[in-house]
Amino acid sequence: MSSSTNYRSLGAAKRSRASKQDLRLAIIFLTPAAIGFLVFLVWPTLRGIWLSFTSYNLLTPAEFVGFANYERMLGDPVFWNSMKVTVEYVVINIGLQTAIALIIALLMHRLTQSTLLRGIVLMPYLVSNVVTAIVFLWVLDVQFGVANQVLEWIGVDKIGFLSSETWAIPTIALINVWRHVGYTALLIFAGLQMLPNDVFEAAKLDGAGEFRSFFSITMPLLRPIMALVLIMTVIGSFQVFDTVAVTTGGGPANATNVLQLYIYDVAFGRFQFGYASAMSVALLLVLGIITFIQFRLTRAGSSDMN
Amino acid sequence: MNANQLPAKTRAARFTAVLATAALALTGCAGTTENAQPSNTIDYWMWDTSQLPSYQKCAADFEKANPDLKVKITQYGWGDYWSKLTASFIAGTGPDVFTNHVSQYPQFVSLDVLAPLDDFKDIQGVDQEAFQDGLKDLWTGPDGKQYGMPKDWDTIAMYYNQKILDEAGVDPKEISDSQFSPEGGGSFEKLVAHLSIDANGVRGDEPGFDKNHVKVYGLGLSNAGGDNAGQSQWAGFAATNGWQATDQPLWGTHYNYDDPKVQETLDWYFGLSDKGFMPRYGQFNSADGVLGQVTSGSVAMVSDGAWMNASYISSDTKIGAARLPKGPDGTSKSVINGLADSVVKSSDNQEGGARWVAYLASKQCQDVVAKAGVVFPSRTDATNITSKIYAQQGLDPTAFTGPVKDGNTFYLPVTDHGADVTSLIIPALEDLWANRQPASTLNGTNDAINNVFIK
């Protein structure tokens, strides 16, 4: 009895020594990442939240103003317009991008194994946002752009893709669909490859056609992947900035003044870092809420695979 | 000098520059304290490349006369200039002296980064009576102190494409003799209509003119004018119709965009684009400015500022200049504006900086600048040299000196909260041009602007 106790306590001691060593090792490995996380993520976020309660112009010390920035935000028509414009952009961008990406992924999955083709699909994503925007700015130019030249040949009147109030946001959304669709398709494609083949074979034996097996098997099984893709792309989409800054600069008449651009202008054009921080916090909250809703609606945490 | 007409690429560059600022500001890595001992190198910043050679020559002459000082000139494009400047003030690495613009300096005055010039001995030695009238007032702050030493000036004129005018049988004199009226447009609109040609060769004043397929527009436009109160677009028209942008000519605290006088002018002005006499918004790439419109022959004439003279002269197309048309009050009015040199408060050698500023305003340096024929120098004697050069190059200098001579100039609004005002008025004016909203929509914008001043 005593020996066994001895043995046990010895084992426990050994184990605890081992786990202490593990802990030390873990800390050593985690420290660099943790420092980065604290310095570049936690601290700026906390400081940003603090600044949103101040009046701050960079050159003189920040001055606490309570909720004044938030009150101003609620009554600021430009802010609400920016919110509306951003949502319009996200809906067009994400809707089209996800649909097209899903089709491309299915085609890649079912029809080809070619790595070259997968590479080509991903190519637009490798081009920088600013370069993409400048190229499209030229292609869509009203006077000299290729696109309007083609329209003229067809006999359609020229369209101010980036200069008309109605067209500008859809155009920018489509430019970013072009850039991101390959990447999104590749994510979905990776998800498709993980699906077990036997369920599809069983479905085939039971006489299910392509469409039936897509809607009844592929989509439900793909749900966690789609949820992840949607959450990631929606967050990215809300943060659109560079394409707009390069192509329209927010015009015509605030028609493309997306939230990030407005925040940038208030901060670096007008030196109101307090108000800009307040709007950034608002964006953070909106994104948090949307992500939470998406997570719940798509039950992203569970899978139907088991 | 128009921030909104920047090519996309500089806008992107400015964005990256600002990101760097942001990183500096947010991580709090602001500023190493500079050496206590005054350095003998004066850092001088400017944005205009075409003026760089003349100022390099001035710097060389200055160093010869002041062996204890060196001048280091740095040039950044207009797009990067202001964000770099702000970043450098925060980081404590800024210039000692820099070229300043009236749309920006009130903000720097309120941020307390500029040194008042009045107290420097060298500045007191400058004969400011020799300057073109009104330039010194432009650079005098609300506290009565001077924050910039005027270095040049500019007015607005009509630049025309000689070939298009010849083909239309129009004498350039007809432009300056014509009269604009907010009701019906007057003889000026008739002229603009006559100069417009549609795809079938029908002129704007002939029956059957197709306003939707225009080959040559009578009047060019590339920017609705929000960033500088219509300076090179419609400000002259509004002024001769009796409009003043703010309650006081300088340092006003109330804007007047709700004045029917400016609103009827704007309704008429942007209305030209409905008639096919002026491009619609987005018709031309705004980054190319009006210069490209008139030199490419897509437009018969454009209003633009004297700072562009060298570019119009060097174009392959023959371009002439005429005074802006007259208006309801019987005169032709133009904005007068100018750049100046400012000394930075945090500079480690303010005295040396002031000596350089004084030299830039001296007859020696101003004559060097005048002979380059790029801008009108602020000294009246040097202005005559530049006028002669423009006349030789075929650009009538009286189109620019005329308004100054007969006293028909007015200032840009110089007020506090300049950045807020432009942020509000730029989209509102774009709305008038792009979406053809009535100018009465400016009432709401004007209230929003004036609210900024109440707080």
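A salt bridge here is a side-chain nitrogen of Lys or Arg within 4 Å of a carboxyl oxygen of Asp or Glu. With that rule, a search of the whole structure turns up 16 salt bridges over all chains. This is a predicted model, where local features need pLDDT of at least 70, side-chain atom pairs count only at pLDDT 80 or more, and totals for chains, interfaces and linings use all residues. Residues are numbered from 1 along each chain as its sequence is written, chains are lettered from A and ligands numbered from 1 in the order in which they are written, and side-chain values use heavy atoms, with hydrogens and water left out.

One of the bridges sits inside chain B, where the side chains of D43(B) and K72(B) meet at 3.7 Å, N to O. That pair ties together distant parts of the chain: D43(B) belongs to strand 1 (residues 41-46) of chain B and K72(B) to strand 2 (residues 70-75) of chain B, 29 residues apart. Strands (E, at least two residues) and helices (H or I, at least four) are DSSP runs, numbered from the N terminus.

**Where the chains meet**

Using contact in the sense of heavy atoms within 4.5 Å, chain A brings 29 residues to the interface and chain B brings 30 residues. Buried area is the accessible area (1.4 Å probe) that two parts lose on being put together, summed over both.

| Interface | Buried area | Share on carbon and sulfur atoms |
|---|---|---|
| chain A and chain B | about 2,700 Å² | 63% |
| domain 1 of chain B and domain 2 of chain B | about 1,000 Å² | 65% |

Between chain A and chain B the rule finds one salt bridge: the side chains of R270(A) and D420(B), at 2.8 Å, N to O. Seven residue pairs are in polar contact across this interface, both residues at pLDDT 80 or more. A polar contact is a pair of N or O atoms within 3.5 Å; within protein, one must be able to donate a hydrogen and the other to accept it, and residues adjacent in sequence count only if both atoms are side-chain atoms.

On the chain A side, helix 1 (2-51), helix 5 (129-139), helix 10 (242-247) and helix 11 (259-269) of chain A each put in at least two residues. Helix 11 of chain A gives the largest share, four residues. The touching side of chain A splits into 15 nonpolar, eight polar and six charged residues.

The unreviewed UniProt entry lists several "transmembrane region" spans for chain A, including residues 89-108 and 221-241. In the model, residues 89-108 of chain A are 100% helix, with end C-alpha atoms 28 Å apart. Residues 221-241 of chain A are 86% helix and 0% strand, with the end C-alpha atoms 34 Å apart.

**Inside chain B**

Chain B gets two domains: domain 1 (8-153 + 339-378) and domain 2 (156-335 + 414-452). The bounds come from an automatic or database domain assignment. The centres of domain 1 and domain 2 of chain B, over C-alpha atoms, are 32 Å apart, and 15 residues of domain 1 of chain B touch 11 residues of domain 2 of chain B. P106(B), P142(B) and V374(B) supply 32% of the area that domain 1 of chain B buries against domain 2 of chain B, more than any other three residues.

Note on methods
Ala, Val, Leu, Ile, Met, Phe, Trp, Tyr, Cys and Pro count as nonpolar, Asp, Glu, Lys and Arg as charged, and the others, Gly among them, as polar. UniProt positions are given in the numbering used here, feature names are shortened, and annotations may be inferred rather than shown by experiment.
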